[in-house]
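Please keep the view open as you read.

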Amino acid sequence: MSDMECTKKKTTAKNTREVTNLTPEEQHDDKTRAGVSETWEQIWADGLEPGQRFDARGPAPILKHLLDTNALPKGRALVPGCGRAYAPLEFARHGYQTLGVDLAHTAVKAAQEFVDSVEDKPKEGLLELRAANFFELEGQFDVIYDYTFLCALHPNAREKWAAQMHKLLAPQGELVTLIFPIVEKEGGPPYAMSMDLVKSLLEPLGFTATTLEMLPDDMCHRGREERTALGRWVKK
Ligand SMILES: C[S@@+](CC[C@H](N)C(=O)[O-])C[C@H]1O[C@@H](n2cnc3c(N)ncnc32)[C@H](O)[C@@H]1O
């Protein structure tokens, strides 16, 4: 073995030891900071029922409005952190080739059960639900819809969120962000959101807002009025 190989091996072994020397709590924190917290799997595996915690029992009224009025580009839609898949189901019902992803396998199981239980199903083959990490996704989408996904991520993962949105959005595509919860508070999830925060993440990458405004009450989920804003973003 050459000296160089030997040094390399020693360094790798040292790095491995350093990583494995982390306490489970520290390792968990590392993942959380990278936007892949294992807490989500626990939350879903504990049996999150419709209406509990962040589950709002259905798609946001503004999403239905945007889809019903054909306001968004047509084609492929992505919903990251889709939970019980209320939004992906709505996109697929409106003819989009839709991918809903959630990090938690048990979330995808709950989503599949929900989709199987509804009467108004989308056309065969339009809706795919996948247990996956948003940060590892590949492909291009004409619409990406973020609702209570950014607020679920550790603040350290936000720039990576913006870069990944930029990578996944097709050149003529649109990123729709429902910005929630607009509150003043420390810690999370959900972490406090604001229109300025989302703007500060997206504009440096070349996104421009075509809409950035608070939503009227009837376009918000009940109980989320005056705390929800709509951002519609295109690439320059
Ligand atoms: C606050 S919940 C919102 C769920 C859904 N958007 C809704 O409105 O009901 C956030 C979701 O994001 C998922 N999630 C967290 N990190 C993720 C990641 N890196 N990739 C994909 N999904 C993730 C969680 O498992 C969780 O279901």
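## The core

Let's begin in the middle of this predicted model. The largest nonpolar core has 58 residues, and those touching the most other members are Ala77, Ala87, Val143, Ile144 and Tyr145. Pick out Ile144 and look beyond its neighbours within four places in sequence: Ile144 is then in contact with Leu78, Met165, Leu168, Leu169 and Leu175.

## The chain as a whole

Stepping back, you can count eight helices and seven strands in the chain. Of its 236 residues, 33% count as buried. Among contacts with a separation of 6 or more, 72% are between residues 24 or more positions apart.

Glu38 sits in the loop between helix H2 (24-33) and H3. With 14 other C-beta atoms within 10 Å, Glu38 is partly exposed; a residue needs 20 or more to count as buried, and 12 or fewer to count as exposed.

## Helix H6, seen from both sides

Helix H6 covers residues 105-117. At 1.5 Å a residue, its 13 residues should span 18 Å, and the end C-alpha atoms are 19 Å apart, which agrees.

Which residues of H6 are buried? They are Ala107, Val108, Ala110 and Ala111. Because these residues cover an arc of only 160 degrees around the axis, they lie on the same side of H6. Their cover includes helix H3 (39-45), strand E2 (97-102) and strand E3 (127-131).

## Around the ligand

Now move to the ligand. It is surrounded by 23 residues, of which Trp40, Gly81, Gly83, Leu103 and Phe134 are the closest. How does this shell divide by class? There are 15 nonpolar residues, five polar and three charged ones.

## Two cis peptide bonds in one loop

The loop between strand E5 (169-179) and helix H8 (195-202) is worth a visit, as Pro189 lies there. Pro190 also belongs to the loop between E5 and H8. The peptide bond joining Gly188 and Pro189 is cis, with omega about 0 degrees. The bond joining Pro189 and Pro190 is cis as well, and here too omega is about 0 degrees.

## Positive phi outside glycine

Arg57 is not a glycine, but its phi is positive, at about 70 degrees. You will find Arg57 in the loop between H3 and helix H4 (61-68). Is Arg57 buried or exposed? It has 12 other C-beta atoms within 10 Å, so Arg57 is exposed.

Glu226 also has a positive phi, near 65 degrees, and is a residue other than glycine. Its place is in the loop between strand E6 (207-214) and strand E7 (229-235). Glu226 is exposed because 12 other C-beta atoms lie within 10 Å of its own.

Terms used:
Residues numbered from 1 in each chain as written. Predicted model: local features only at pLDDT ≥ 70, side-chain atom pairs only at ≥ 80, totals over all residues. Helix = DSSP H or I, 4+ residues; strand = E, 2+ residues; numbered from the N terminus. Expected span 1.5 Å × (residues − 1). Arc of directions from axis to C-beta. Contact = placed C-beta atoms within 7 Å. Near = placed C-beta within 6 Å. Nonpolar A, V, L, I, M, F, W, Y, C, P; charged D, E, K, R; others polar. Core = buried A, V, L, I, M, F, W, Y, C linked by C-beta atoms within 7 Å.
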